[in-house]
Amino acid sequence: MNIGIEATGVFFPKDVETAADLAGKTGIPENVIIEKFGLYEKHVADDTMHASDLAIAAAKPILSKVDPLAIDVVIYFGSPHKDYHVWSSAPKIQYELGTKNAYAFEIMNVSSCFPIALKVAKDMLNSDKSIENILLVGGCKESQIIDYDNPRSRFMFNFADGGSAALVKRGARKGRILESAIITNGSFHEDVRIPAGGSKQFASYETVEKRQHYIDVIDPMSMKEHLDLVSIPNFENVIRQALNKSGLTTKDIKVLLPLHTKRSMLKELLHSLHLVEEQVVYLDHYGHMSALDPCIGLHFANEQDKLQPGDIAVAVSAGTGYTWAATVIRW
């Protein structure tokens with residue numbers, strides 16, 4: 001039985017911030033933003049579009065070719081920064097897309113979630129024969145939670161906005177989902193967060209005045225010191241584990257679909273896997289969009305004919321907390 005990714009969709013809001021714009025906001029030289037952050041420009045949403053709207057817009061091209069009533073499950077895998085606090089976007093997305101026969105829910109593991117969502121969808125199709133089509137949808141408006149005046153959050157200045165979607169189905173003609181691997185190191189659980197708004201520090205006039213509703217890093221140097229020791233090894237580990245479980249090796253990789261990272265980290269990962277930059281979809285004109293990056297990368301790889309039938313792609317990502325995840329796809 002071929003459980004695979006039949007179709008993908010993406011959406012980007014029309015407004016763009018360039019490296020020059022970001023240089024003006026941050027005081028970081030434009031060439032540093034391009035060369036080190038790996039960012040020429042990124043899309044940002046206006047006040048009319050939120051995470052759910054971006055997800056809906058990305059899914060609509062898929063449902064122009066597939067009957068919405070044939071969708072059995074809608075799963076939101078995107079950013080936890082959504083239209084409202086303590087609110088599920090999945091029912092809205094299900095309703096607005098007209099997928100009225102589907103039940104809808106969310107899975108959320110910040111930026112690591114797309115490889116995990118592929119595994120969840122595949123496992124659901126394997127275990128429940130009544131399911132035929134699962135629509136994965138994600139939206140991201142995380143450009144909104146950056147405080148450019150806070151140097152502690154510097155590595156997040158590439159946060160951008162967009163939407164992505166993938167149709168996972170039984171009997172897919174392409175994009176067979178193979179095996180996955182996931183690693184969590186919970187020692188990083190306190191490092192990155194929006195300090196206020198949750199139950200530990202409820203919203204107040206004081207939290208607003210102190211700008212505590214933007215994403216922050218408690219101790220960037222400490223996090224970097226500890227994360228640098230495990231980040232690339234864990235990326236490499238989940239990729240190799242997922243490939244091994246699929247009966248493959250890194251030599252079989254045609255295209256790597258990573259989350260958007262700084263250029264130095266990407267180059268280090270490619271070196272460790274003996275890959276070249278032509279084998280990567282790098283989102284230097286789009287930025288980092290939470291869990292959406294590998295799904296967007298898959299869409300572009302297909303559009304750009306980087307993948308031919310039988311080629312192997314690996315979706316790989318990491319989310320603060322910290323979780324690393326990889327899923328292998330045979331196109």
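1. Start at a pair of facing residues: Ile3 stands opposite Arg170 in β7. The model is predicted. The pairing partner of β7 here is β1; these two strands run antiparallel over 8 bridges.

2. Of its 9 residues, 7 are buried, so the strand is largely enclosed by the rest of the structure.

3. Helix α9 covers residues 293–303. Buried here means under 20% relative accessible area. By that cut-off 9 of the 11 residues are buried, so α9 is largely enclosed by the rest of the structure. The buried residues are Asp293, Pro294, Cys295, Ile296, Gly297, Leu298, His299, Phe300 and Ala301.

4. What covers those residues? The cover includes the strands β1 (3–11) and β7 (161–170). It also includes α5 (113–127), β11 (253–258), β12 (312–319) and β13 (323–330). Just after α9, look at Asp305, which takes a positive phi of about 60 degrees.

5. Now the cavities. The whole structure holds 2 cavities of 30 Å³ or more. By type, the lining of the largest cavity has 6 nonpolar residues, 1 polar and no charged.

6. The second largest cavity has a volume of about 30 Å³. Leu22, Thr26, Ile28, Ile33, Phe37, Phe157 and Asn158 line this cavity.

How values were computed. Residues numbered from 1 in each chain as written. Predicted model: local features only at pLDDT ≥ 70, side-chain atom pairs only at ≥ 80, totals over all residues. Heavy atoms only, no water. Buried < 20%, exposed > 50% of the residue type's maximum accessible area, 1.4 Å probe, protein only. Helix = DSSP H or I, 4+ residues; strand = E, 2+ residues; numbered from the N terminus. Contact = heavy atoms within 4.5 Å. Pairing = 2+ DSSP bridges. 1 Å grid on protein atoms, 1.4 Å probe; cavity = no way out; pocket = protein on both sides within 12 Å on 5 of 7 lines; lining within 4 Å. Points joined across faces, edges and corners; volume = space filled by probe spheres on them. Nonpolar A, V, L, I, M, F, W, Y, C, P; charged D, E, K, R; others polar.
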